[in-house]
Structures are given as structure tokens and as C-alpha cells.
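Subject: Structure for you to look at

Hello,

Here is the structure I promised. Please open it alongside the notes below.

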Amino acid sequence: MTNKGATMSEEIKEVVMIGAGPSALTAAIYTTREDIDTTLYEKATIGGLAAITDQIDNYPGFAEGVSGMTLASQLQTQAERFGAHIDFGDITDLKRVDDVVELLVDNKPVRAKAVLIATGSDYKKLGIPGEVEYYGRGVHYCATCDGAFYREKRLVVVGGGNSAVQEAIFLTRYTTHIDLLVRSTLKASDVLQRELQKFVEEGKISVHYGVVPTAIVAEDTKVSRVDGVQNGESVSYETDGIFVFIGLKPNTDFLKESGVELDDVGLVKTDTTLATSVPGVFASGDVRSGATMQIASAVGEGATAALAIREYLETLHRA
């Protein structure tokens, strides 16, 4: 089968997966075990956000928990053992051209019979002065990646969900004190809130409610404080750095002109087989509308998507 708009010399891949997080890596294990040639394109970190999570305690099969990097590495090794090709590349466009799906990878066209969108989500930003200017130099979104730079330092953590509380607790192994800024109320699980309370009682973490950060201020190019508003009053917190955990934004900007249907927040809509509105294009994991945003379910969806992709390819071969 060839693309009418392509020359005979242009390769058409069997399956391309966008992203190389747990969902895509699992899907690749399934497709490659059935000798379906599979290429994954990742623009950031293999393993996605899971890879930069310090400890994962709710993934089945690891009674004592597992580090995110270890889990990601094992999934990558397993997928590559069966023949998956993992390449780094930024995909900026996707469209259906005749009977194949065409992607723009680092400004070069790549064609595939089937595509899995498994791009996950990225950290939301505060959108305040100083955040962009001092990114990586006092402003961070990954405690596992950057926490060790703040040994014996004071930190601000922003957020009130599971990630914010979990990462604040993790950062206590390095810092002298953490100010946790919560916009409204804590939304973390009861288990995490009980654990947080222990660190509050020990004086390692102070929780400040009703705080909206307004600026990140630096002196001599080093972050020195976070300004904000609390109940209509100006407040400031001295700090050597700020870690932001205020939720996730789906990585779907490249789909705006693709014809792939998105929901109100930008997540990919699928049917029960994880097929999208574009023939030959599927989605799984945290990028999918209705996903539970858990690693275990993302892995399960990857397996489901792989089986659906196999069935789709079989229908093409029978045509």
C-alpha cells in the first residue's frame, strides 16, 4: 500500500508512536512482539514524567515501591529487546494524507499506516514575572531532578495536590525549611496529608493557605523571594528556589490543525478502542480524555491501543 502523494522510494512505517512514556513503551512491547515494525519519537525524556518521579508506590508488582527512573528504564529495555526503535524528535504536525498518516518530525515528513498519540502531559506554569527568566536557575518543576542543588537551603513549593505534597516531602531530605504555598485548600490524598502533618509538626514544612504567587524576585541573578497575595494582603517568602506543582497540561498543541478531536481542556477524545476521530490514529495514557492519570492505567491503555492497532493493520492488509 502506498500513499498516492508520495513517491515509491519514500518509506511508509507500519506504526509510529508519539511519546516514549509508560503507555507508548507498553504498546511498543505488544506491537513488536507480533513483528509489527514500531518507531517511537520522544522530544524530552524517555519514560516521560514517570521517569522523573522519585518513588512510585502504587505500581503493581513492586511491594516496596520503585523509582520512576528504574521503571522507565526497564520498560525501555523490554521494548527495545523486541525490536522497538526509539528516536528523539519533535513532532509539530499530524494529518491524514490519502491512506496514510503524515507527521512532521523535526521539520521532516514521516509517514505511517498507524499512529499512537501518547504524549502525556507537561507541568502547568504560574505565568508570573521571573518564572521564565529564572527557569532552571531557581525555578523548577521536578524535585527529583533538581532538589539536590538545594542542600541546606530554604525553598518554596507551590501547589496543594498530591504532586505538590509528595514533592515537598521529598525535598525535606535536602532543605532546611519549606514554605508550601496553597492557593485554596489541600487537595492531596488523606494519606499524603497525614504524612505532611508529621513534617509540619517537626518544623520542616510550613503550610500557607490562600496564597497566590505574583512574582519571583532575584538579587544578583539568584532567586531570593516569592511575592504573593494572601487574603488581599501582600506577602513575601524568602527562598533560594521555588518548585511549582500546580497540575498538568496535555501535550496536544501539535494537533490543533490535525482533525483529531480534543475535549475542552485539550485532551484527545477516543472511542472504546482508543481510536481517535482520524482513521489510523489512536491515543492512550494521560493525553487521552477520560484517562485516570495513573501509571498503571496508562500502561493498560497502551496494551489496549496496541491490540486495536494490530486489528486496524489487519483490516488494511485484507483490503
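A helix here is a DSSP run of H or I at least four residues long, numbered from the N terminus. Keep in mind that this is a predicted model.

Start with helix α1, residues 22-33. The helix has 12 residues. From first C-alpha to last, α1 reaches 17 Å, close to the 16 Å expected at 1.5 Å a residue. Of those 12 residues, 10 are buried, so α1 is largely enclosed by the rest of the structure. Buried means under 20% relative accessible area. The buried residues are P22, S23, A24, L25, T26, A27, A28, I29, T31 and T32. D35 follows α1, and its phi is positive, near 60°.

Next, T252. Where does T252 sit? Its place is the loop between β16 (248-250) and β17 (281-283). T252 has a relative accessible area of 3%, so it counts as buried. Its side chain reaches the backbone oxygen of G266 at 2.6 Å. G266 is also among the contacts of T252 once neighbours within four places in sequence are left aside.

Last, the second largest pocket. About 200 Å³ of space lies in it. Which residues line the second largest pocket? They are R137, G138, F149, Y150, K153, T221, K222, V223 and D240. By class, that lining has four charged, three nonpolar and two polar residues.

Best wishes

Technical notes. Residues are numbered from 1 along each chain as its sequence is written. This is a predicted model: local features need pLDDT of at least 70, side-chain atom pairs count only at pLDDT 80 or more; totals for chains, interfaces and linings use all residues. Side-chain values use heavy atoms; hydrogens and water are left out. Helices (H or I, at least four residues) and strands (E, at least two) are DSSP runs, numbered from the N terminus. Buried means under 20% relative accessible area, exposed over 50%, partly exposed in between (1.4 Å probe, protein chains only). A polar contact is a pair of N or O atoms within 3.5 Å; within protein, one must be able to donate a hydrogen and the other to accept it, and residues adjacent in sequence count only if both atoms are side-chain atoms. Contact means heavy atoms within 4.5 Å. On a 1 Å grid over the protein atoms alone, a cavity is a set of points where a 1.4 Å probe fits but cannot get out, and a pocket is an open set with protein on both sides within 12 Å along at least five of seven lines; lining residues have an atom within 4 Å of a point. Grid points are joined across faces, edges and corners, and a volume is the space filled by probe spheres set on the points. Ala, Val, Leu, Ile, Met, Phe, Trp, Tyr, Cys and Pro count as nonpolar, Asp, Glu, Lys and Arg as charged, and the others, Gly among them, as polar. The expected span of a helix is 1.5 Å times one less than its number of residues.
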